[in-house]
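Hi everyone, thanks for coming.

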Amino acid sequence: MDFKAFEKLTCGLYIVSTAHEGQKAGCVVNTVTQVTATPAQVMVAIHKDNTTAQVLQQAGVFHVTVLTEEAPLPLIGRFGYRSSKEFDKFAEFETLLDSNGCPYTPVGAAAHFTCKLVQQCDVGTHILFIGAVEDAQLLSEEPPMSYSYYHTVKKGMTPPRASSYQPPEA
Ligand SMILES: Cc1cc2nc3c(=O)[nH]c(=O)nc-3n(C[C@H](O)[C@H](O)[C@H](O)COP(=O)(O)O)c2cc1C
């Protein structure tokens with residue numbers, strides 16, 4: 001199998017966030033997809049060991065933020081490489097709450113979605129979370145960050161818990 005083929009699947013970069021009983025959690029993902037328009041539903045794949053997956057299952061609600069090409073790398077570093085168990089990832093960024101009480105930051109955001117969890121599917125290492133979109137807002141006309149832009153222009157890396165992670169060739 002040629003794993004380079006998977007690099008031809010286009011996708012963007014997002015932060016999925018949630019909160020339950022005072023525990024805030026959020027992580028960078030590249031796996032958000034709109035699955036239906038009527039009703040509006042989105043899907044995201046999150047690793048079972050990510051704190052975000054565990055808190056999301058308890059909360060039953062989540063927030064999706066679409067990152068722009070100008071999203072600061074420290075934001076991606078915090079949300080993409082650290083655990084929400086270690087510290088409050090939102091502490092250094094302007095943070096707002098959606099109507100379900102999920103935290104999100106408008107920093108480096110092109111658009112955002114307020115979602116209610118309606119289905120989940122265990123796919124092994126990850127869980128697919130399907131959310132009904134309760135609200136959606138455009139925040140910026142900046143181009144959204146594509147996964148390809150993140151790699152080629154921002155020179156960003158992908159950690160092991162990302163769905164698209166490939167170990168370095170021996
Ligand atoms: C570019 C990029 C893409 C990522 N994509 C995913 C993804 O689709 N699903 C996932 O579970 N983790 C993904 N991650 C990894 C999580 O963001 C990372 O494991 C994070 O530290 C989890 O934080 P948490 O434990 O607070 O939830 C990605 C990270 C980066 C930098």
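This is a predicted model: local features need pLDDT of at least 70, side-chain atom pairs count only at pLDDT 80 or more; totals for chains, interfaces and linings use all residues.

I'll start with the chain as a whole and then move to the ligand.

Okay, the chain. Its secondary structure comes to 3 helices and 9 strands. If you read along the sequence, you get β-β-β-β-α-β-α-β-β-β-β-α. The radius of gyration is 15 Å, close to the 15 Å that the globule rule gives for 170 residues, so the chain is as compact as a globular protein of that length. And if you want a box for the C-alpha atoms, it's roughly 45 × 35 × 35 Å along the principal axes.

Now, the ligand. Which residues are closest to the ligand? They're Val28, His47, Thr52, Arg82 and Ser84, out of 28 residues that surround it.

Let's look at some atoms. An oxygen of the ligand is 2.5 Å from an N or O atom in the side chain of threonine 52. With valine 28, it's a polar backbone atom that is 2.8 Å from a ligand oxygen. Phenylalanine 79 also has a polar backbone atom there, 3.3 Å from an oxygen of the ligand. On its own, the ligand has 650 Å² of accessible area, and the protein covers 98% of that.

The space the ligand takes is the second largest pocket. Elements giving two or more residues to the shell include strand E4 (41-47), helix H1 (51-59) and helix H2 (73-81). The largest share, 4 residues, comes from E2. By class, the shell has 13 nonpolar, 12 polar and 3 charged residues.

Notes: Residues are numbered from 1 along each chain as its sequence is written. Side-chain values use heavy atoms; hydrogens and water are left out. A residue is near a molecule or strand if one of its heavy atoms lies within 4 Å of it. A polar contact is a pair of N or O atoms within 3.5 Å; within protein, one must be able to donate a hydrogen and the other to accept it, and residues adjacent in sequence count only if both atoms are side-chain atoms. Accessible areas come from the Shrake-Rupley method with a 1.4 Å probe; for residues, only the protein chains shown count as cover. On a 1 Å grid over the protein atoms alone, a cavity is a set of points where a 1.4 Å probe fits but cannot get out, and a pocket is an open set with protein on both sides within 12 Å along at least five of seven lines; lining residues have an atom within 4 Å of a point. A molecule sits in a cavity or pocket if more than half of its atoms lie within 2 Å of its grid points. Ala, Val, Leu, Ile, Met, Phe, Trp, Tyr, Cys and Pro count as nonpolar, Asp, Glu, Lys and Arg as charged, and the others, Gly among them, as polar. The radius of gyration is taken over C-alpha atoms; the globule rule is 2.2 Å times the number of residues to the power 0.38.
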